[in-house]
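My notes follow the order in which I checked things.

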Amino acid sequence: MGKRYSGRFAPSPTGLLHPGSLVAALASWLDAKAHQGVWHVRIEDVDPPRCVKGADQAILEQLSACLLLPDGAVQWQSQRQEAYAYALQSLLDKGWAYACACSRKEIDTNQVQAAMRHQAPVYAGTCREGLKGKPARAWRMNVQAVQSALNMPATSLWQDRRLGKQSQNLAQEVGDFVLKRADGFWAYQLAVVVDDGAQSISHVVRGEDLADNTARQILLPRALGLATPAYLHTPLVLGANGEKLSKQNQAQALDLSQPLLAMNQAAQVLGMPSHPGPLPKALAAWTQMWAQTFAAG
Ligand SMILES: [Zn+2]
């Protein structure tokens, strides 16, 4: 303990917030407030082809209507290219990252073979020993080089503050993951870890759909000499078909003419009772409940 609490909500501006993303926003806000922390908002516009013009401002307005107000300036990942380049270079310098020349087709073919061998679609490590004269397309993490240099076990073990004990064998289940993509854009994994480090994020609270990234986001900060945050993954909002609500399957945007109603629905997903309002009182009540449910970890 004694570590200053710093949390964040990091939406991708691929559309408006929907009920599922509001759950993650509310949970991360409550966790920060319950532990006397600061709450940052970071716009994850690291994947320009998927971003929608104006969605960032619209999301900030939605958060504001819900009284989820960031402490300090909002950050945009599109303005952080130099920091990502610096991080990649530091990994390359140590031999912990390498260029990959594989085309998507070659990777797909190798993945099929890998799947038959290991029952998991992982990158086969084709370019780990060099490009043999082929041009670099993407850059990848050398997972096993980092694990062995830092004396990390092959199977990462960690405690999720809601899901409990978690584990993943990165080399077998994920492989050497991409840090910079063949289309020239930064991979989410690198950007999020560099930004969490730069903002001294101590606690990550986000949707359970992102839980599978956690082992990569424990390895990367270690490799970059950054502190690893504590993780808490929130329940997902499921649609009538039982699938996760997302912008991709046309989740309805929030009706923010009634922010209390939208926030009550989000609170219920998090296992808290709805509140008659007004919204500031509801937020205060939920913050108290949250503090009793989740120690800072
Ligand atoms: Zn390759």
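**Entry 1: what covers α8.** I began with the buried residues of α8 and asked what covers them. The cover includes three helices that I noted with their ranges, α3 (81-94), α5 (143-149) and α6 (170-173). Strand β6 (155-160) is also part of the cover, and so is α7. The model is a predicted one, and I keep that in mind throughout.

**Entry 2: which residues of α8 are buried?** I looked for them by name. They are R216, Q217, I218, L219, L220 and A223. I then checked what comes after the helix: G225 follows α8, and its phi is positive, near 70 degrees.

**Entry 3: α7 against α8.** I took α7 as residues 188-198 and α8 as residues 216-224. Their axes come within 10 Å and cross at roughly 60 degrees. Angles of 65 to 115 degrees would count as roughly perpendicular and those under 35 as roughly parallel, so α7 is oblique to α8. The crossing of α7 past α8 is right-handed.

Next I listed who makes the contact. From α7 I noted Q189, L190, V192, V193 and G197. From α8 I noted R216, Q217, L220, P221 and L224. By class, the residues of this contact are six nonpolar, three polar and one charged.

**Entry 4: α9 against α10.** How far apart are the axes of this pair, and at what angle do the helices pack? I found the axes of α9 (residues 259-269) and α10 (residues 279-293) 10 Å apart, with an angle of about 15 degrees. The two helices are therefore roughly parallel to each other. Their crossing is left-handed.

On the α9 side I recorded P259, L260, M263 and A267. They meet L279, A282 and W286 of α10. I sorted this contact by class too: seven residues are nonpolar, none is polar and none is charged.

**Entry 5: the whole protein.** I stepped back for the totals. I count 10 helices and 10 strands in the protein. Of its 297 residues, 40% count as buried. I also looked at contacts between residues at least 6 apart in sequence: 78% of them join residues at least 24 apart.

**Entry 6: recap.** I have two helix pairs on file. The α7 and α8 pair crosses at roughly 60 degrees in a right-handed sense. The α9 and α10 pair packs at about 15 degrees in a left-handed sense.

Key:
Residues are numbered from 1 along each chain as its sequence is written. This is a predicted model: local features need pLDDT of at least 70, side-chain atom pairs count only at pLDDT 80 or more; totals for chains, interfaces and linings use all residues. Axes are lines fitted to C-alpha atoms, for helices over the stretch in contact, and angles run from 0 to 180 degrees between N-to-C directions. Helices (H or I, at least four residues) and strands (E, at least two) are DSSP runs, numbered from the N terminus. Angles under 35 degrees count as roughly parallel, over 145 as roughly antiparallel, 65 to 115 as roughly perpendicular and the rest as oblique. A crossing is left-handed if the near helix is turned anticlockwise from the far one by less than a right angle, and right-handed if clockwise. Two residues are in contact if their C-beta atoms, placed from the backbone, lie within 7 Å. Ala, Val, Leu, Ile, Met, Phe, Trp, Tyr, Cys and Pro count as nonpolar, Asp, Glu, Lys and Arg as charged, and the others, Gly among them, as polar. A residue is buried if 20 or more other C-beta atoms lie within 10 Å of its own, exposed if 12 or fewer, and partly exposed in between; C-beta atoms are placed from the backbone.
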